[in-house]
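The exercises below ask you to work through the contacts between chains, one step at a time. Please look at the sequence and the structure before reading the solutions.

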Amino acid sequence: MILRVKDLKKFYGVKAAVDGIGFEVEKGEIFAILGPNGAGKTTTLKCITGLRKKDSGEIELNGTFTYLPEEKKLYPHLRVKEIVDLFEKIGKNFNEKNCLEILERYRIDLNEKVTNLSHGMRTILYLSLVLSENVDLYILDEPTWGLDPIVRNEILDHIRSLTFEGKSVLYTSHVLAEVEKIADRVAIMKEGKIILTGNLDDIKSSYGLVVSKKDLNGYLLKTLKSGEKVYLVEKEEIPEGVEIEDATFEDIFEAIVRGERNDR
Amino acid sequence: MWFRIDFHSSKPIYEQIKEKIKLLILSGKLKEGEFVPSIRYLAEDLGVNLNTVARAYRELVREGVLEVRRGEGYVVSKVNLEKIRTQLETELKKKIEDCKKAGIPLERILKVAEEIYRGDAR
Amino acid sequence: MIAKEFKDMKVRFFVMFFLLFGTFVLLVVMKDYTPTLAEMLKNVPEGFLEKLGVTEDFINKLSEWNFYIITQWYGKNLGQFVPIFAIIMAFPVFAREIENETIELLLVRMSRRKLFNVKFFTPLVFTFLALTVLALVPIPVSWIIGEKLDTGLVFKYLLVEMITTYLWFSITVFFSVISSDQVKPLIASIATLAGTTVLGGFVKTLSTLNTYSYVLKGDLTLWPSLIYTLSGVVFTYLSRRSFKTRDF
C-alpha cells in the first residue's frame, strides 16, 4: 500500500472542504478521484502533498511522490530549456533525456518563453517534466485538462505505462469517459465526502437500472413523462423476476452524485 | 491478439477480455496448448490496465480456460468447449427474448440465423 | 536555484543599482557647480534660507569635498534610499511566487526550510553587495581626484546602512510571507516605514522608531544598532516560522 488516507478533514473557516474521507492506493494501481467541481478533490491532493495542513486525520505515504497541480503554473519569463534545467537541479530523479524526447515529440520549442506557450502546450510541458521524474506515486490533478483528444489519449497511455514499471498513480478528474479508460479503482467525491469507492469494473457490474411505478430502495436516476421512475439499484437488492437494464458508469455516477435516494 | 474494448460499456473490461478470448478459442483461432500474450503485452496492445488483464487471466485460470506455466506464461488449457458454448447460448436466449418482446416475428429470427449459417457454407 | 532567484530579481536590482550609481556620478559632477550655486543663492532672502539650515557657512563648507560627500551622499541620496532599496528588493520575493502559484513547483521538491533560506538570503546578499559597492565607491573616486575622505566614517555608514537594510528587508519579507499577493506587503512596509519615522520624529520617547535619523547620521552607537539588528532577527524568525506552517 503506497498511500493511505484516513478520516481526513480540512476546514476553511467553518466550512469543511474535506469532511472525513479515507481511501488507499495500492502499488501499481491507478486510483481516480472523481467528482463535480468544488467537491474537495484538489484540497485533498494538496493535503497529501503537504501544501496545505490537514485539520485532522491521517495521511500515510510509503514512498516518493511528485505532483502535477491543477493550475500548472510555470515561471512565465523563463524559457522552456531553463525550466528543464531547473528540474535537473531540483526534480525528483529527473530524467532529462526522457523529458526532452517528449518535448520534441510535441514540437515544443526549447527556446520559447513559457508565457508565449498556449495553455495546452504549457500543460504538455508540465506533464513532460513530472512524468520524467522517477517516483513511486504520481499525484496528478486534472492532468489532461485543456488537451486535444489525440494528445489526451497519448498522455493517458503514458500514465498507464507508469504502472507497467510498478508505479502508482493518484489522479483527479471530472471527465468520466477518461476515468473509465484508465482507472483501476475510483472514489466519487461530493461536497467533501466520498460517496462511493471501489474497483471500477466491480462497480459497473454491481448496479442495475430498474423502471418502477412505485418508490424503490435505490438512487433515482430519472423520472419519465409517464410518472414512472428509473432507479439505480444494487443488483443484490433487486428481487427475482424484475427486469434489469445494464447501468453504465455514467448512469451510476449521475444517480449517486444526485443522491436522491429513498431508503425504505 | 487484438480486439476492440468498449470502455464505456456497462460490461466490465475484464469481462470483455474474457469473452473475446473464449470466442477466439471457440472459433479455433486459439488452440489448445497455445500461449496467450503475456499480461503486459496484451495490456499494451489493447490499451488497458495491467490489473485488468491480470484479473481476466486470473479468472480464466479459475474457470479452467487458461493454465499457468511457471516461467513461461499462460496457455490455453484442455478446454471445456461445452461450457463456453452453454454460456453463449444463454446470451443468445436473452437476445431472442428481447426480440420476441419487441415483436419481431419468429420467421425473421429464423431467416437471420439462416443467412449467417448458410453464408459461411457459401 | 540561486541563479533562478537572481534572475527573478535582476530587473529591479539593476534598475535601482544604476539609478543610485548614476546619482553618485551626478553628485560628483555637480560638485563643481556649488560655487555657482552659492552665487545664485545670495540673491535669495537670507531669512528663508536660514530656516532650511542653508547658511553661508554651510554653502562654504559644501565646497569641501569630504563634507560634500558625507552630507550629500551618505546623509541624503544614498542614505534616504537605503530602506526603500531593502523594501523593493524584498517585497516580491515570496509574494510573487505565491500569487503566481509557481511556488507549488518548489514546495513539492524541496524542504520549506531550504526554500525559505534560498529565497531570503539570495536577494539579501546581493543587496548587501550592491550597498557595499555604492557605499565604498567614493573612496577610490576621492583618491583618483586627489581629495581627502574620512574613510572611518565611510565604514561606519556602511555598517549602519547594512543594519538598516537587514531590518527593513526582514520586515518586508515577513509581510510578504503572511499575505498572498504582492501589493499588500509593499504597502504595509512603506506604511510601517513612514509611520515609524513620523512617530519617532515627533515623540521623543519613541525616537528609536525613527530609523531614518539612524541611517542618515551614521551614528554607529551600540544601543540603536543592537535593537535594529535584533528586531531584524526577530522578523526573520517570524517569517521563517510563518513560511513553515502556512497553507499554499
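Predicted model: local features only at pLDDT ≥ 70, side-chain atom pairs only at ≥ 80, totals over all residues.

Residues are numbered from 1 along each chain as its sequence is written, chains are lettered from A and ligands numbered from 1 in the order in which they are written, and side-chain values use heavy atoms, with hydrogens and water left out.

**Exercise 1.** Determine which chains are in contact (heavy atoms within 4.5 Å).

Solution. Of the two pairs of chains in contact, chains A and C share the most contacts. Chain B and chain C, by comparison, have no contact, and their closest C-alpha atoms are 28 Å apart.

**Exercise 2.** Describe the extent of the interface between chain A and chain B.

Solution. Begin with the residues: 22 of chain A are in contact with 19 of chain B. Next, take the buried area (accessible area, 1.4 Å probe, that two parts lose on being put together, summed over both), which is about 1,700 Å², 44% of it on carbon and sulfur atoms. In chain A, the residues losing the most area to chain B are A:F164, A:D201 and A:K204, together 36% of what that side buries.

**Exercise 3.** Find the salt bridges (a side-chain nitrogen of Lys or Arg within 4 Å of a carboxyl oxygen of Asp or Glu) between chain A and chain B.

Solution. The count is two salt bridges. One of them links A:E165 with B:R40, whose closest N and O atoms are 3.6 Å apart.
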